[in-house]
Amino acid sequence: MALLQQLNTPHLVRIRAAFVGPPPHPAKRADREADAIAYSVLEWVDGPTLDEVIDQSPASPANFSQRMGYVRDIAEAIATLHSRTLTRGNPTLHRDVKPTNCIVSPGRGVVLVDVSSMRLIAHGGDLEGLHSPAFAAPEVRQSPYEPRRPPADRYSLGAIAAFCLLGETPVADADLVPRLQAAARVAGAPRPQLVAHHIGAMLDPDPERRPTDPVLWADGLIAVARTDERRKPDRGRMRLAATAVAAVAVTGFAGLYLGAPRGDEVSREARSAHGAVPTITRAPDAKSAALQALPPGGTTATPWGTARITRPTSGANVMSCAYIEGTADVPEDVRIVTAMRNADTDDTWHVEHIYSWDDPDSIKQWRGPQWFGSGDSSVGSTYEVAVFAVKRADLVVADAGADDEFDRLAEMGEKLASVMVRRVAGEGPDRNCDPADP
């Protein structure tokens, strides 16, 4: 309790006093000093609970941004508790993050309350096994008496984000991401699929794959959820510059969160949220080269460099999400992106980053994600997957723009390698885009 008195965040309830005394009920009192218990005097926080504010109503264009701001407030409270520095070497778990323990204060935003559940991370197991199943992590529900770790609190944060979007307690099953996507679309999100995947990342059943920085994750959620893309974000809150993305551990949700980025693979909408959106002015000067067919997986020496796709091989089967891997040797001012098009329907290229796209060493032996249709809607189609060399300056500008501007990189650069693959049913290797073969 003394620790909480020293924490400086408006989003955690403040402790006014702490003392030790006898049990509050006379029938339970004993003469032994060992039976004394700890008491805390908390401040009074005005406002309804988050559960009351949401009131079983899904997010709408009128309140979507505000609700995602609530999530960000809770993320800050959790990050403060988990911080070794801010807690002076005593990182703490809340262990019961849920809407009824969140007060929406008119002057402070969301305030996380109920300190009775808090324990130092180093304190080990819980003899009582107390938890709220609807918002508890799967590892807590499975083994409530085992020691708990920070990913459990972060899972609860993701569940609250889903709650704020859906307007109801989320059920973590294979249908959750589609439900989140549908709710985000109704709420006016410009990219509802990214919103659903971003929330799903924090609900990964594997605690090691959940994002490790709750505030960075919440800032990314606000970025991909923006309903007004012309609004310039707050630089202090939108801290997802490309150089910081590697700090986020976002991965695919096995059986639920399918095909979203991980680690330094956060969506470019989140990464571009730190500044204004410029416009590409460079005219497409290599469209014919970009659309030229190449031998499967092959590469030729060009002023842009060389590249090769080593996985998948031409003729391979891919599911809705797949890793694309290969090698490249490009000039200092050149970067590479991957792109895919449905060869059976049109010539429209859809461009994606490779992981650690701005690290020259990572480019030499690169890897990146590609998504092939929504669900199994494109099963049976033939796709071309290609590597394009682009100018770094153009990539930086496109990175801050809309999807169609980013996709124009395929027209502006040069195609260095290409393979043809066939879409089959399924979500991805190991159902979550793991590197292992399907």
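Colleague: Which residues is Asn342 in contact with, leaving aside its neighbours within four places in sequence?
Modeller: Ser381, Thr382 and Tyr383. Contact here means heavy atoms within 4.5 Å. Keep in mind this is a predicted model, where local features need pLDDT of at least 70, side-chain atom pairs count only at pLDDT 80 or more, and totals for chains, interfaces and linings use all residues. Residues are numbered from 1 along each chain as its sequence is written, and side-chain values use heavy atoms, with hydrogens and water left out.

Colleague: Where is Asn342 placed?
Modeller: In strand E10, residues 334-342. Strands (E, at least two residues) and helices (H or I, at least four) are DSSP runs, numbered from the N terminus.

Colleague: Does Asn342 count as buried or exposed?
Modeller: Buried, because its relative accessibility is 12%. The cut-offs are under 20% relative accessible area for buried and over 50% for exposed, with partly exposed in between (1.4 Å probe, protein chains only).

Colleague: What polar contact joins the side chains of Asn342 and Ser381?
Modeller: One of 3.4 Å. The Asn342 side chain also makes a polar contact with the side chain of Tyr383, at 3.5 Å. That term means a pair of N or O atoms within 3.5 Å; within protein, one must be able to donate a hydrogen and the other to accept it, and residues adjacent in sequence count only if both atoms are side-chain atoms.

Colleague: Switching topic: how many aromatic pairs does the structure hold?
Modeller: It holds 4. In one of them, the rings of Tyr323 and Tyr355 have centres 5.8 Å apart and planes at 90°, so that pair is edge-to-face. Rings of Phe, Tyr and Trp (its six-membered ring) pair if their centres lie within 6.5 Å; planes under 30 degrees apart are stacked, over 60 edge-to-face, and the rest tilted.

Colleague: Which parts does the Tyr323 and Tyr355 pair tie together?
Modeller: Tyr323 is in strand E9 (residues 321-329) and Tyr355 in the loop between strand E11 (350-353) and helix H11 (360-364), so the linked parts are 32 residues apart in sequence. Tyr323 is buried at 5% relative accessibility, and Tyr355 is buried at 9%.

Colleague: And what about Phe372 and Tyr383?
Modeller: They form an edge-to-face pair too, 5.1 Å centre to centre with 75° between the planes. Phe372 counts as buried at 0%, as does Tyr383 at 3%.

Colleague: Back to Tyr323: what sits over its ring?
Modeller: The charged end of Arg367, 4.2 Å from the ring centre. The rule is NZ of Lys or CZ of Arg within 6 Å of the ring centre and within 35 degrees of the ring normal.
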